[in-house]
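Subject: Structure handover and findings

Dear colleague,

Please find below the structure that I am handing over to you. My notes on it follow directly after.

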Amino acid sequence: MIQVALIIWLVPKFKTTGMFADILDNILEWVIVLGLIAAQLALTFALKVPGCPTG
Amino acid sequence: MRAVATLLRSDRALSAVFALLLVFTLGTPVANGQYPEVVTIDSVHPSAIALFYQSCLGFIPQQDVSSEPGAQSPPSPKLEDYLSTELGVDESMVRIFNNFTTDGSTTPPAPPGYLRVAFYAAVCTDCLPLCLPGLYAAQNMYSAGTRLTTKYGSHFEFVSNVTVVGSTIRYSRWGTFYYDLEEHGRYTLNVTNLIRSVNGDGVFVSVDVRPGDSIYIPLLIAGGVLLGLAVLYTVARYLHEAMIADSADRHAGGESPSARLLSYAADDDAAVMGARGRGMSPRASFLGSNIHGSSGGFDKSSAAVSRRVRAGIVDGGAEHEQLAPELQEHGWSDSNGGDKARQDVGSIGLGIGAKVKERLRSLDTFRGIALSIMIFVNYGGGGYVFFDHSTWNGLTVADLVFPWFIWMMGVSMALSMSSFLGRGDDGRKPSCLAVLYKIFRRAAILFMLGLMVSNNNSTLGDLRIPGVLQRFAISFASVRRLHVYLTFVRSRQPIGVFRLSE
């Protein structure tokens, strides 16, 4: 929660200028979507299902 | 030092290096192995056991299987079979010449002449090899030959002493061999002893080849034709616009047509700008992020500019070269057109105004390429292995089409955001419910279409729910909702602006 608040607070300060303006413009989406991908990869490669190999 | 340099320069040193390389490459087919390697494969699936048993033990009378009722004598080798067998698409003919002997000193001792060749397509990682009857040859004999697929690399194993106990397979392996077969090629694998080494007896394989066909020529021709058409189209359009310019000049009493054409050619950039003036990059609207848009609609000055740019083909001169960027700056930062047509995800509304429906041409081009490849893949892909989906592991061009479409959907989403949140027909911001309704309606339509496409011949009982379009629908709904929601969060307006009540 704090991180999200921090991001929301910080991002407008870098938004229009700076090297990564195009990324920072949508930073929350980046974080959430990368989190979704990480979750999927974790499920795929780490979840132990009896009788099945991972991956 | 000088001696070394001289040696390096001499031909003899070069050939010595090559000889050494040759020895190293030929002499070590199995690293640190002692021939024969005893291969044990545990807990094999019963159906695989059955296949393996049938292929490797079912046909050769041999000490350990001679009592088996199903055992048959190997097919008698015929040269005509090898030479005149009709070969289809992606097929080659392979036989072996068995010149492999052992002196019986190895453990376990190999019965001479009982060398069998097991095979699997190399794309199948760690797969169980199956023996091929057509590749069995008695001592100093050719085998009958067998048709093998050329789609993937071929992995051969030279085995003997095969035993199958329960779900365990055990055999002696005298060597492995990898080869890329070509379509319609005919190959003879000459199997002889590896030069005697500390590793014991291994097989050494040399290959006699009757070369096959080059399968990529049709693809090259097709690519050449497409490229030619593209060039032809470009040239034709170029000439066409030159003709327009000519006729305009004639009306205005300008220079001669040929001079006009020359100056047109010299003024290439400007011409291209003029011709493509309407297909500008959406960069401004990307970065502008004025979804809640401050400027109310269509800027008058940029309208004038765009009119001049479009007329620039007729006007000629370098004037529009400077005007075009101006258009880019003005016209594209506006995202509040509120054009109904731009609410479509497929069509990326980037309009200058409501009247001109603009498209991002690079994205359209990419979409066209992806669509062409998709249709090509769906109709067989010419039988090419990379236009087919990978069987289990790996990634082919055909596998990339779906990710491409997903990516394009995301890009379109970012571009058409303004129309989703822009003012509606009544000039007011849409309500939260309206936006959600739009999102879920589109997702539901996609989902239903997907169900129809992927279940064209099944009952409700065996309806398959997931599919390509269904995945599109789910990802569209979730990402679009996320995008809409976070756009509001980012704008630091209270969510209440979203007016749930309306």
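The notes below cover the conventions, the disulfides and a surface patch.

This is a predicted model, in which local features need pLDDT of at least 70 and side-chain atom pairs count only at pLDDT 80 or more, while totals for chains, interfaces and linings use all residues. Residues are numbered from 1 along each chain as its sequence is written, chains are lettered from A and ligands numbered from 1 in the order in which they are written, and side-chain values use heavy atoms, with hydrogens and water left out.

Disulfides

A disulfide is a covalent bond between the sulfur atoms of two cysteines; the criterion applied here is a pair of cysteine sulfur atoms within 2.5 Å.

Helices (H or I, at least four residues) and strands (E, at least two) are DSSP runs, numbered from the N terminus. The torsion about the S-S bond of B:Cys56 and B:Cys131 is about 90°, so this disulfide is right-handed. B:Cys56 is buried at 1% relative accessible area, and B:Cys131 is buried at 3%. Here buried means under 20% relative accessible area, exposed over 50%, and partly exposed in between (1.4 Å probe, protein chains only).

B:Cys124 and B:Cys127 form a disulfide as well, their sulfur atoms 1.6 Å apart. With -55° about the S-S bond, the link of B:Cys124 and B:Cys127 is left-handed. B:Cys124 is partly exposed at 31% relative accessibility, as is B:Cys127 at 22%. When the bonded cysteines of chain B are numbered in sequence order, the pairing reads 1-4, 2-3.

Nonpolar surface patch

On chain A, a nonpolar patch on the surface has about 920 Å² of accessible area together, and its members include A:Met19, A:Phe20, A:Trp30 and A:Phe45. Patches take residues with over 30% relative accessible area and no salt bridge, joining like charges within 9 Å and nonpolar side chains (Val, Leu, Ile, Met, Phe, Trp, Tyr) within 5 Å. A salt bridge is a side-chain nitrogen of Lys or Arg within 4 Å of a carboxyl oxygen of Asp or Glu, and accessible areas come from the Shrake-Rupley method with a 1.4 Å probe, where for residues only the protein chains shown count as cover.

Helix H3 (residues 27-46) of chain A gives the most to this patch, with 6 residues. A:Phe20 sits in the loop between helix H1 (2-14) and helix H2 (21-24) of chain A, and A:Phe20 is exposed at 52% relative accessible area.

Kind regards
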